[in-house]
Amino acid sequence: MNAGRTRTARTVDLAPLIDHTLLAPAATSEQIAHLCDEADRYGFASVCIYPVHVPLAVERLHGKRPQVCTVIGFPSGATTAKVKLYEAQEAVENGATGLDVVINLGWLKMGETNRLHAEIAAIVELTGQPVKAILEMALLTRDEKRLAAEICLDAGVSFLKTSTGWQGGATVEDVQMLRQIGGERIGIKASGGIRTPEQAIALIEAGATRLGTSRGPEILQLQADTDTDAN
């Protein structure tokens, strides 16, 4: 690591940018409670969990800083628009304050742009909560990435998110592209494969304003170790 990058890794406060994530299908209530406690301890932006765990997380984090974010249509995005909307509305009724919605990639590739726009716009309008559109960029061509981002921006999302993490991770190039498309009016969430402070810093420098990772505590510890070594 060069000296410039060491100084950067030491000076950026990563914790408030992290969505502390647990999306393992077999996650237990005990693990979700532990995730919430870690999010509170480290000062993470939110926990990101499946909808079934939202009530527990809301109760565990009541009166605390981290928000409760959940995923909709995860991980494929291939459920129907009505099912996604119901899932999103129920999550909000249960206390979720952020929705990471997987777009319908099949519609995008078939040119069904009106249906894709209508699906995302309905979730944005009828839930009243910030929506992060998950684009699953590893599966898209460059033109498809741009089209997906533009559709979701027009539909009113608050964030563009690179991926679920199931089909490939976040890249600096994809984050830069989303920032170029969205300008400064939109949040960018980089998600998938983020394991080190160096990766996190590179994505932030590229334009990310939120990081989705299950390794938040490890990243902060590595950052602290870097700080100690530098001193």
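**Exercise 1. Helix 7 against helix 8**

Task: In this predicted model, which handedness does the crossing of helix 7 and helix 8 have, and at roughly what angle do their axes cross?

Solution: 
- Step 1. Helix 7 passes helix 8 in a right-handed crossing.
- Step 2. The two axes come within 10 Å and cross at roughly 45 degrees.
- Step 3. Helix 7 is therefore oblique to helix 8.
- Step 4. On the helix 7 side, the contact uses Arg142, Lys145, Arg146, Ala149, Glu150 and Leu153. They meet Asp174, Met177, Leu178, Gln180, Ile181 and Gly182 of helix 8.
- Step 5. Sort the contact of helix 7 with helix 8 by class: five residues are nonpolar, two polar and five charged.

**Exercise 2. Helix 6 against helix 7**

Task: Which residues of helix 6 and helix 7 meet, and how do the residues of this contact divide by class?

Solution: 
- Step 1. Locate the helices: helix 6 covers residues 113-127 and helix 7 covers residues 142-154.
- Step 2. Their axes come within 9 Å and cross at roughly 45 degrees. Helix 6 and helix 7 are therefore oblique to each other.
- Step 3. This crossing is right-handed.
- Step 4. From helix 6 come Thr113, Leu116 and His117. From helix 7 come Leu147, Ile151 and Asp154.
- Step 5. The contact of helix 6 with helix 7 holds three nonpolar, two polar and one charged residue.

**Exercise 3. Aromatic pairs**

Task: How many aromatic pairs are there, and what is the geometry of Tyr42 with Phe44 and of Phe74 with Trp166?

Solution: 
- Step 1. Ring centres must lie within 6.5 Å to pair. The count comes to three aromatic pairs.
- Step 2. Tyr42 and Phe44 are stacked, at 5.5 Å centre to centre with 20 degrees between the planes.
- Step 3. Tyr42 is partly exposed at 32% relative accessibility, whereas Phe44 is buried at 0%.
- Step 4. Phe74 and Trp166 have ring centres 5.9 Å apart and planes at 90 degrees, so this pair is edge-to-face.
- Step 5. Phe74 sits in the loop between strand 3 (67-72) and helix 4 (81-93). Trp166 sits in the loop between strand 6 (159-161) and helix 8 (172-182). The pair therefore ties together parts 92 residues apart in sequence.
- Step 6. Phe74 is buried at 14% relative accessibility, while Trp166 is partly exposed at 45%.
- Step 7. Tyr50, Phe74 and Trp166 form one aromatic cluster.

**Exercise 4. A lysine in a strand**

Task: Where does Lys189 lie, is Lys189 buried or exposed, and which residues is Lys189 in contact with, leaving aside neighbours within four places in sequence?

Solution: 
- Step 1. Lys189 lies in strand 7, residues 187-191.
- Step 2. Its relative accessibility is 0%, so Lys189 counts as buried.
- Step 3. Leave aside neighbours within four places in sequence: the contacts of Lys189 are Asp19, Cys48, Asp100, Lys132, Phe159, Leu160, Lys161, Thr162, Arg210, Leu211 and Gly212.

Methods:
Residues are numbered from 1 along each chain as its sequence is written. This is a predicted model: local features need pLDDT of at least 70, side-chain atom pairs count only at pLDDT 80 or more; totals for chains, interfaces and linings use all residues. Side-chain values use heavy atoms; hydrogens and water are left out. Axes are lines fitted to C-alpha atoms, for helices over the stretch in contact, and angles run from 0 to 180 degrees between N-to-C directions. Helices (H or I, at least four residues) and strands (E, at least two) are DSSP runs, numbered from the N terminus. Angles under 35 degrees count as roughly parallel, over 145 as roughly antiparallel, 65 to 115 as roughly perpendicular and the rest as oblique. A crossing is left-handed if the near helix is turned anticlockwise from the far one by less than a right angle, and right-handed if clockwise. Contact means heavy atoms within 4.5 Å. Ala, Val, Leu, Ile, Met, Phe, Trp, Tyr, Cys and Pro count as nonpolar, Asp, Glu, Lys and Arg as charged, and the others, Gly among them, as polar. Rings of Phe, Tyr and Trp (its six-membered ring) pair if their centres lie within 6.5 Å; planes under 30 degrees apart count as stacked, over 60 as edge-to-face and the rest as tilted. Buried means under 20% relative accessible area, exposed over 50%, partly exposed in between (1.4 Å probe, protein chains only).
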